[in-house]
Amino acid sequence: MRIETFEYLRPATLKEACDILAERSGAACILAGGTDLIPRLKQQLVRPSCLLDTTDMAEYRYVRSDAAGLAIGAGTTLQHLTSSETVRQQAPILAEAAGRVASRQIRNVATLGGNLCLQTRCWFYNQSRAWKRAKPDCYKAGGEICYVVNKPGQCYAVFQGDTAPALLALNARVKLLSARGERTLAIDQLYSGNGRDPFTIAPDELLVEVMIPHLPDGSAAAYGKFSHRKAVDFPLAGVAVWLAVDDAQGKGRGARLALTGVGPAPFRVPAAEALLAGPETDAAAIRGAAAAAARAAQPVKNLHHGPPALRRKMVGIMSRRAIEDAGNKSRMK
Ligand SMILES: Cc1cc2nc3c(=O)[nH]c(=O)nc-3n(C[C@H](O)[C@H](O)[C@H](O)COP(=O)(O)OP(=O)(O)OC[C@H]3O[C@@H](n4cnc5c(N)ncnc54)[C@H](O)[C@@H]3O)c2cc1C
């Protein structure tokens, strides 16, 4: 096996990190907890000439709450999110989704930024070079053909992060920083929808903060995850729902429903949201919304476990459960 060499840099501040990213013009790769990146380095799926380790950048690890809402530094660990009283009170679905990632050992080092920027995955892509030697590289790895569909020109790798759908349901925004300045985006704009190149982040940019607005009184959210094992496993499908129900009138006042694990990006399902925010959030509306979510899912044969039909079916089942769960929590408030 060829030994890869690369420069290893460990900036202490965000400014230093941005300067390095600007100087290396796309050749530097950000290393946060490393729980996604290091396996990919070992499999030689990524061969950066420079690794920028964020471990010493204490200034991007925080949870702050003010009148605008919650601001969370991208370097905050997932374990911190699951145990933070502030997050548990103001964005319990985020604490719940973070707590469903992998295992406690992984969550102790894995960061929110790394989870949102998790590379898309595929049975044909996330393999060692030895495993892949039998065939030319797949489309995501730089070849011609996507082996999921045996066709050229499009990548069918899937986004399997757990926290992104929760943040879509919470209407979060993200802040990106570079030596050129900063910009904020609605979280869905972070994702391109292209499995091969799934993020809209420029090579010199760093994701630094996630901002979550305060939720209106009486609203609540829930997350459902379908995975092969109960722990240490990626979602084969995941559903996050946020609901604001006016119980006195039985009317939905607002709804957001987002999916993960069933497409190249996490995404919202407007058809389901329209039914839940409609004049009556009754059993028929819930069934309709769950069916709309299942229809919107795009599972294909890109994962070892979880046949596409089962993943689609589970999206429907989990959507119904998550809607009911969020509705019950909302009424209890
Ligand atoms: C056994 C196992 C089980 C797992 N199970 C799950 C699971 O159930 N759910 C799940 O969601 N994930 C799972 N993962 C994947 C991974 O552990 C998590 O997604 C984790 O949150 C990644 O965070 P990290 O800080 O370790 O990221 P890293 O590995 O350091 O980085 C991940 C990617 O994000 C980029 N990146 C990191 N920080 C930034 C930033 N601030 N700005 C821009 N780009 C950045 C990196 O360059 C890299 O491409 C699992 C991994 C393993 C090994």
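Student: Which elements each supply at least two residues of the shell around the ligand?

Tutor: Keep in mind that this is a predicted model, where local features need pLDDT of at least 70, side-chain atom pairs count only at pLDDT 80 or more, and totals for chains, interfaces and linings use all residues. Residues are numbered from 1 along each chain as its sequence is written. Helices (H or I, at least four residues) and strands (E, at least two) are DSSP runs, numbered from the N terminus. On that basis, the elements giving at least two shell residues each are β2, α2, α7 (112-116) and β10 (206-213).

Student: Of the 32 residues around the ligand, which come nearest?

Tutor: A residue counts as near if its C-beta atom, placed from the backbone, lies within 6 Å of the molecule. Of the 32 residues around the ligand, the ones that come nearest are Gly 33, Gly 113, Gly 114, Asn 115 and Cys 117.

Student: How many residues of the shell around the ligand are charged?

Tutor: Ala, Val, Leu, Ile, Met, Phe, Trp, Tyr, Cys and Pro count as nonpolar, Asp, Glu, Lys and Arg as charged, and the others, Gly among them, as polar. The shell has 19 nonpolar and 10 polar residues, and its charged residues number three.

Student: In β3, what is the bridge partner of Ala 28?

Tutor: Strands pair if DSSP finds at least two bridges between them. β2 (residues 28-31) runs parallel to β3 over four bridges, while β1 (residues 7-9) is joined to β3 (residues 50-53), also parallel, by three. For Ala 28, the partner in β3 is Cys 50.

Student: Which element gives the largest share of the side of domain 1 that touches domain 2?

Tutor: An automatic or database assignment sets the domain bounds, giving domain 1 (60-117 + 158-213) and domain 2 (219-332). Across the boundary, 25 residues of domain 1 are in contact with 26 of domain 2, contact meaning C-beta atoms, placed from the backbone, within 7 Å. On the domain 1 side, α5 and α9 are the elements that give two or more residues. The largest share, five residues, comes from α9.

Student: How many of the eight residues of α5 are buried?

Tutor: Buried means 20 or more other C-beta atoms, placed from the backbone, within 10 Å of a residue's own. Ile 93, Leu 94, Ala 95, Glu 96, Ala 97 and Ala 98 of α5 are buried, and their cover includes α9 (163-169) and β12 (237-246). Of the eight residues in α5 (residues 92-99), the buried ones number six.

Notes
Buried ≥ 20, exposed ≤ 12 C-beta atoms within 10 Å, placed from the backbone. Contact = placed C-beta atoms within 7 Å.
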